[in-house]
Amino acid sequence: MIDYSRGDDGIVTLTLDDPAQSANTMNETYVAAMSAAVDRLYAEREQVTGVIVTSAKKTFFAGGDLPSMARATTGDAPALFTLLSRIKQDFRRLETYGRPVVAAVNGAALGGGLEVALACHHRIALDRPSTRLGFPEVTLGLLPGAGGVTRTVRMLGLAPALTTWLLSGRRLRPADALAHGLVDALAATPAELLAQAREWIRANPGAAQPWDRDGYRLPGGLPAAHLPAFPATLRQQLKGASLPAPEAILATAVEGAQVDFATAQVIETRHLITLLTGQIAKNMIGALFFDMRAVNGGLARPSVEVSEPRRVAVLGAGMMGAGIAQACARAGLEVVVKDVTPQLAARAAGPGITTTADVAALTGCDVVIEAVFEDPELKRQVFAEVLPVLAPDALLASNTSTLPITGLATGVERPGDFIGMHFFSPVAKMPLLEIVVGAQTSDAAVARAFDLGRLIGKTPIVVNDGRGFFTSRVIGTFLDEAIGMLAEGVPAPSIEHAALQAGYPTGPLALADEVSLTLAQRIAASAPVRLPSHDVIDAMVDRHDRPGRSAGRGFYTYESAKSLWEGLAGMATPEGRAVPLADLKDRFLFVEALDARRCLAEGVLRTAEDGNVGSILGIGYPAWTGGVLRFADQHEDFAGRARELAARYGTRFEPA
Ligand SMILES: NC(=O)c1ccc[n+]([C@@H]2O[C@H](COP(=O)([O-])OP(=O)(O)OC[C@H]3O[C@@H](n4cnc5c(N)ncnc54)[C@H](O)[C@@H]3O)[C@@H](O)[C@H]2O)c1
């Protein structure tokens with residue numbers, strides 16, 4: 001798995017190449033191979049002038065061995081300690097070898113991959129658009145435990161290491177990694193990469209890690225010196241739910257910065273083992289690795305062969321239409337955007353995009369994605385208008401966020417080709433695509449929508465039609481719960497605080513303002529039952545003229561600073577009462593989990609994987625839960641707690 005080859009110049013190239021996998025990971029094969037390679041380096045030291053570490057794969061190194069990590073139990077702790085110590089020891093032997101060691105990072109280096117590179121004296125990255133470097137561990141409830149925390153902190157100093165790399169989970173492009181100090185140089189081609197590595201080795205025969213040199217000092221000083229001045233981004237990253245991984249990373253960094261290198265490594269190992277053997281990492285790996293892999297791998301895609309799209313028509317150049325057009329163009333598709341006037345259409349202009357107000361310009365398109373106003377009559381009309389010029393079997397997709405697909409399809413000539421492709425705002429950033437299957441939608445249409453989603457880099461879940469499909473329905477349930485709390489007399493700041501504490505990315509009242517209370521009112525008007533939240537929404541829109549964010553006033557006032565509107569206390573009904581924080585938090589998590597279980601029972605959700613992935617990527621369900629359906633499965637007493645909430649707050653909490 002590691003090819004060892006020594007050139008005439010005495011430079012050994014270690015080429016990582018796991019024969020059993022498409023990417024290198026820190027599995028047993030790797031561990032054994034790395035030990036053997038380092039042993040051989042030491043045995044042949046007299047003939048060696050330097051070492052290049054590189055990979056034979058498209059990526060440099062993908063990271064930890066997640067399948068085996070996800071199985072770890074407390075009983076495995078001693079074995080994990082031994083394994084991690086061995087990995088660390090080999091890195092340590094490499095960096096103290098007494099010869100220059102260079103990482104020739106020929107592709108993505110994430111997690112364990114970046115740790116391999118950090119154990120080298122110098123890192124050169126191949127500057128490709130797809131290459132990313134970073135520590136995604138925190139997003140899986142873990143920490144970089146093969147020296148990643150220890151070395152990053154010692155290389156960059158505490159605050160930069162934490163904010164840019166360890167707590168953010170960011171995957172940086174090579175140029176950004178260079179600017180942020182974990183890469184030393186860039187190379188334009190693979191040949192240059194290796195040539196630069198050799199050159200650096202020749203020029204730096206006495207290379208050593210900074211922390212192994214005399215007089216080394218932690219950049220930025222010891223923790224006590226700058227903890228009070230920790231940047232705002234760090235405080236931001238630590239706000240909200242108290243989650244084990246960011247806390248463990250912070251503790252590892254701060255404790256490790258005050259002791260010698262070897263002790264810091266042990267501290268790091270201990271913290272990682274605590275995370276590995278706990279439930280939250282299992283939840284996060286379950287959803288964001290296993291479920292995600294299943295969803296992206298086509299778990300819900302019908303296995304029919306379909307042709308690839310070439311020319312995409314987008315109707316409507318508003319916020320969504322422009323975003324969808326740009327995403328398609330970036331994937332290399334030919335895109336034509338139509339709006340009612342050339343000026344309006346031109347807002348979606350960009351490389352690879354033609355804009356128009358003329359239906360004829362859509363001639364021959366084999367996909368149309370409609371993103372005009374949320375009005376069923378208008379949508380029917382634009383489909384009728386474009387159908388005659390499209391390719392005869394064109395896929396007909398609507399980006400509606402609320403209108404049932406089966407209903408929209410009835411106005412259209414070819415309902416079998418009609419489908420929902422629900423993107424999320426902002427399209428460039430949001431990874432989820434919710435594919436909505438109407439009563440008459442064909443398997444081929446689902447497969448085509450799925451393939452298009454994958455082509456433009458989205459994670460496509462496939463759901464059946466219904467009021468609000470999956471995502472809009474469940475997020476609506478969440479917002480109704482929050483807004484209903486105002487009617488109960490719960491102070492607005494407590495509502496927002498409880499959601500952040502539970503791990504949601506934004507408070508529900510702020511979110512409702514973003515969505516717009518006018519839209520919420522329209523949805524409420526067609527709801528099968530009247531809820532307490534609907535009275536609050538009506539009062540906000542009709543009585544107080546506070547329709548939401550775009551008007552500058554909703555639950556919040558958006559003037560110079562954003563602040564909760566003081567009139568909200570007046571929304572409480574006389575029977576209002578105090579609700580404990582623990583109940584507020586659980587009401588959010590449970591009300592969504594219960595609704596998602598109903599979605600699964602009703603067939604709106606076809607798989608639990610789609611529900612878990614969709615809830616985290618699309619509607620901000622806290623990732624620590626492992627997704628809206630896993631939350632119930634991993635909860636120690638889901639049914640019992642749900643019944644308790646039902647007794648206090650209503651039958652919607654009754655478990656099925
Ligand atoms: N805003 C969101 O967060 C979001 C998210 C997911 C889905 N959606 C859905 O996407 C759709 C569009 O939403 P948006 O926020 O982009 O709206 P928007 O108001 O920003 O854009 C709508 C565009 O459609 C154009 N349009 C109107 N009639 C047209 C016609 N006959 N032919 C061509 N273009 C026409 C308008 O000029 C406007 O540019 C809606 O169905 C909405 O429910 C919105």
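**Note on the three-domain model**

1. The protein is divided into three parts: domain 1 covers 2-208 + 218-277, domain 2 covers 311-467, and domain 3 covers 472-653. The model is a predicted one. Taken over C-alpha atoms, the centres of domain 1 and domain 2 are 43 Å apart.

2. Strand 15 (residues 367-370) is covered on both faces. V367 and I369 are buried on one side, and V368 and E370 are buried on the other. In a regular strand, side chains alternate between the two faces of the sheet.

3. Strand 15 has two pairing partners to look at. Strand 12 (residues 311-315) runs parallel to strand 15 and is joined to strand 15 by 4 bridges. Within this pair, A313 stands opposite V368. Strand 16 (residues 395-398) also pairs with strand 15 in the parallel sense, over 4 bridges, and here E370 stands opposite S398. From strand 15 the chain passes through helix 16 (residues 376-386) to reach strand 16, and this β-α-β crossover is right-handed.

4. Which residues of helix 16 are buried? They are K379, V382, F383 and V386. These residues lie on the same side of helix 16 because they cover an arc of only 100° around the axis. E377 and A384, on the other side of helix 16, are exposed.

5. The ligand is surrounded by 24 residues, and the closest are G316, G318, M320, S401 and S425. Which elements supply at least two residues each to the shell around the ligand? They are helix 14 (319-330), helix 16 and strand 17 (418-423). Helix 14 gives the largest share, with 3 residues. By class, the shell has 13 nonpolar, 8 polar and 3 charged residues.

6. A separate point concerns an open sheet of 3 strands, with the order 7-9-10 and mixed pairing. Its edge strands are strand 7 (109-110) and strand 10 (171-172), each of which pairs on one side only. Strand 9 (residues 133-134) and strand 10 run antiparallel and are joined by 2 bridges. In this pair, L133 stands opposite L172.

Conventions:
Residues are numbered from 1 along each chain as its sequence is written. This is a predicted model: local features need pLDDT of at least 70, side-chain atom pairs count only at pLDDT 80 or more; totals for chains, interfaces and linings use all residues. Domain bounds come from an automatic or database domain assignment. A residue is buried if 20 or more other C-beta atoms lie within 10 Å of its own, exposed if 12 or fewer, and partly exposed in between; C-beta atoms are placed from the backbone. Two strands pair if DSSP finds at least two bridges between them. A crossover is right-handed if, with the strands pointing away from the viewer, the path from the first strand over the helix to the second runs clockwise. A residue is near a molecule or strand if its C-beta atom, placed from the backbone, lies within 6 Å of it. Ala, Val, Leu, Ile, Met, Phe, Trp, Tyr, Cys and Pro count as nonpolar, Asp, Glu, Lys and Arg as charged, and the others, Gly among them, as polar. The arc is that of the directions from the helix axis to the C-beta atoms.
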